[in-house]
Every structure is written in structure tokens, then in C-alpha cells.
Amino acid sequence: MSTPADTLEDCGGQAGKPARLASLDALRGLDMLIIAGLDTLAYAIAGAAPDSAAAQGLRQQLTHVDWEGLVAYDLVFPLFVFLAGASMRLSLARRAQQGIGWPRLLGKMWVRAAILVVLGWAVNGMVSLDAGMRCASVLGLIGLSGALAGSLALLLRRSALSCAVCGGVILLAVGLCQHLGGDYTVAGSFNAQVDALLCPGRLYRAEFDPEGPLCIVSATALCLFGFAAGSLLSRPARKGLGLMAAAGVALIAASMFLPCIKNIWTAGFVLAAAGVCSLLLALFHLLLDILPWRKWAFPLQVVGCNALFLYLLVNLLPMENLARRLTCGVWQSLLEPHWLPVAYAATALLLVWLAALFLYRRKVFIKL
């Protein structure tokens with residue numbers, strides 16, 4: 001059996017480039033594929049096969065809950081945040097060995113966050129810088145929570161235990177504010193009050209924004225939990241996996257006593273997300289970094305190495321319309337009308353993966 005240190009490898013096998021864990025890229029790739037077209041494909045299949053319990057169940061898992069509750073789709077962006085924390089732990093350790101000081105590290109974190117905020121504006125739509133522009137975004141939440149978590153991690157001297165405790169303290173503070181400062185309804189939540197005061201521009205919903213300021217604070221706690229999990233990836237296999245799995249179960253158990261609302265990132269939701277993410281990372285770490293079972297994950301790693309580029313691609317370009325044009329009416333001549341959405345969704349997903357493969361083969365990895 002190989003050790004985690006043995007399995008640190010480049011995304012594309014580039015000599016002299018920073019090493020990466022295959023598990024992180026594959027899990028990030030799976031996460032990205034869900035929003036890059038697997039969700040649309042699942043909806044199309046469910047529409048074409050209304051009597052299939054499996055298809056309808058998958059569609060339900062890939063549709064956000066209206067308010068309270070949790071399905072797989074609600075964990076997509078939290079998983080990105082968690083993995084960002086785990087990757088940050090490995091990155092900071094490597095850069096510390098290179099002698100890079102904390103002022104430079106802080107600068108890189110906040111520059112990256114600023115770029116992601118601007119890219120988030122572009123994904124949202126027209127950048128008008130007026131009251132009608134939505135300033136909060138998924139990319140902004142990921143960037144700002146990562147910069148906040150990274151700053152705290154440096155302040156805490158990259159101690160995994162201290163970062164986990166800090167994440168817990170943040171969640172406790174958020175939970176108390178949400179419980180004492182409002183209720184858990186759409187209009188009466190503490191998040192709605194904070195967003196009305198502090199979130200500039202248009203909100204995603206009339207009452208609040210799911211990527212607003214308080215949600216960024218909650219996401220910072222999740223990123224710190226990811227940072228703590230990242231420290232376990234370099235431990236001896238059995239000890240690291242055991243601790244990560246135990247932490248995952250404990251976090252999920254703790255979340256059951258608290259409201260779980262993804263839209264306002266309640267403490268219960270963050271604990272549940274951290275628990276599931278810990279278990280997923282433990283599983284992928286076992287399969288890809290410890291056991292020699294990596295070939296099956298190649299399609300996922302290809303996507304995971306350029307997740308940011310693919311996110312921008314699918315949000316800025318009409319991939320399904322492109323798929324319709326490129327197929328030149330072939331699917332209409334071969335399939336029944338109710339199966340056409342399935343064919344177009346599958347073609348669009350294939351185009352996204354081929355774009356990722358094109359970059360991967362040429363060792364082009366676009367990251368911040």
C-alpha cells in the first residue's frame with residue numbers, strides 16, 4: 001500500500017509543479033460535473049421516464065429543498081468550500097517549506113478573493129454597479145470565506161485543532177444570532193435583517209441572499225473544518241481515515257439537533273455539510289490515495305483540475321444550444337421527441353468534459 005505522501009501527484013504530471021492529491025481533484029471533479037450538466041441530464045431523464053422511481057428519486061436529490069431539509073444538491077457548493085479548506089492546508093504547508101512569509105500569503109488570498117468576487121459579478125449578469133446589480137455570488141462566497149478562513153488559519157499558526165475549534169466558535173456565534181435575533185422563516189430570519197443592512201445591490205430573493213454576509217461567515221467555519229480535515233490527509237492512513245470518518249459521523253449527529261436550512265447557512269446545515277464532506281473525502285482518500293484504484297476516477301480528475309474554468313464556461317456559454325447546433329438535427333432523426341432533451345443534455349455534458357480533457361492533455365490548468 002502506498003502512503004499519502006507517495007500519492008501526491010501533479011494534475012497533469014508536470015515536473016516541478018506543485019503536487020496534488022488525486023482524491024481532492026476527483027471529488028472536486030464530481031462536484032463540478034453535477035452542476036456542469038449531470039443535473040440537467042437527470043431532469044431530462046426524469047421528464048422522459050415519468051414512471052421510473054429511480055429517475056424521479058434522482059431528480060428529487062438534484063433539486064434544492066424550498067427551505068428546511070437537506071438533499072444531495074444542497075451540498076454541491078458547500079463541498080467546494082470544504083475542499084478549498086482542505087487544499088489550503090496542503091498549500092500553506094508546502095509554501096511554508098518554501099520559506100514564503102505570511103504577508104505574501106495573506107496578499108495572495110485576498111487578491112484571489114477579489115478576483116472571484118468580480119468573476120461572480122460576471123456570472124450574475126451585467127456589471128452595472130448600481131442598485132439593480134446583484135453583488136453577492138457563489139464565487140464571491142467561496143473566495144471571501146476562503147480568504148477569511150486562510151487568514152484565521154495563519155493567525156492560529158496552521159493548527160488543525162485550533163482551526164476546528166475556531167470554526168465551532170464561529171458557528172456557535174452564528175447560531176446564537178440566528179436564534180436570538182430572528183426566527184427561521186424567510187422574512188423573519190436574522191440573515192434577512194443583516195442582508196437588508198449590509199448586502200449592497202439586489203438580493204437573490206426579495207428578503208435575503210443565500211450568498212450574503214452572514215452566509216459567508218458560516219461558510220468560513222465550513223472552510224476551517226475543511227482545513228482541519230486536510231491535515232488528516234498527511235497522517236498515517238488508518239489514523240487519518242479513522243479520525244476523518246469519526247469526525248464526519250459526529251458532525252452529522254450534532255446537526256440533527258439544530259435547524260438545517262441551506263438558504264441561510266444555519267449552524268445545523270454547516271455541521272451536516274461538514275460531516276457529509278468529511279465522509280466523502282475519507283472515502284475518496286481511501287480509494288485514490290491509499291488503495292491503487294485510480295483509473296476509474298480519471299474522468300473526474302480531468303474536470304477537477306480545471307473546475308473554475310468549467311464553472312465559468314457553463315455559466316457564460318449556452319452549452320445546450322451549442323449541442324443542438326453541433327448535432328445538426330441528428331438526434332431529431334433518431335429519437336422520439338420526449339427523448340430529445342436527454343440527448344441534448346448528454347451532448348452538452350460531453351462537450352464540457354471534452355473541453356476539460358483538451359486542457360488536461362495540454363497541461364493547461366487555470367486556477368487562482
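Q: Which residues lie nearest the centre of the second largest pocket, and how many residues line that pocket?
A: I35, Y73, F77, Y311 and N315 lie nearest the centre, and 36 residues make up the lining. The model is predicted: local features need pLDDT of at least 70, side-chain atom pairs count only at pLDDT 80 or more, and totals for chains, interfaces and linings use all residues. Residues are numbered from 1 along each chain as its sequence is written, and side-chain values use heavy atoms, with hydrogens and water left out.

Q: What makes a space a pocket?
A: On a 1 Å grid over the protein atoms alone, a pocket is an open set of points with protein on both sides within 12 Å along at least five of seven lines; a lining residue has an atom within 4 Å of a point. The second largest pocket has a volume of about 880 Å³, where volume means the space filled by probe spheres set on the points.

Q: Which helix supplies the largest share of that lining?
A: α2 does, with 6 residues. Helices here are DSSP runs (H or I, at least four residues), numbered from the N terminus. Among the others that each supply at least two residues are α4, α13 (307-316) and α16.

Q: Why is the F77 and F80 pair called tilted?
A: Rings of Phe, Tyr and Trp (its six-membered ring) pair if their centres lie within 6.5 Å; planes under 30 degrees apart count as stacked, over 60 as edge-to-face and the rest as tilted. F77 and F80 are 6.1 Å apart, centre to centre, with 35° between the planes. That is neither stacked nor edge-to-face, so the pair is tilted. F77 and F80 sit 3 residues apart in helix α4 (residues 76-97), so about one helical turn separates them.

Q: Why is the Y360 and F365 pair edge-to-face?
A: The ring centres of Y360 and F365 are 6.1 Å apart and the planes are at 75°, so the pair is edge-to-face. Y360 and F365 are both buried (under 20% relative accessible area).

Q: Which rings are linked into a cluster?
A: F77, F80 and Y311, through ring pairs.

Q: Why does R158 count as partly exposed?
A: Partly exposed lies between the buried limit and exposed (over 50%), using a 1.4 Å probe and protein chains only. R158 has 29% relative accessibility, so R158 is partly exposed. R158 is found in the loop between α6 and α7 (160-180), and has a positive phi of about 60° although it is not a glycine.

How values were computed. On a 1 Å grid over the protein atoms alone, a cavity is a set of points where a 1.4 Å probe fits but cannot get out, and a pocket is an open set with protein on both sides within 12 Å along at least five of seven lines; lining residues have an atom within 4 Å of a point.
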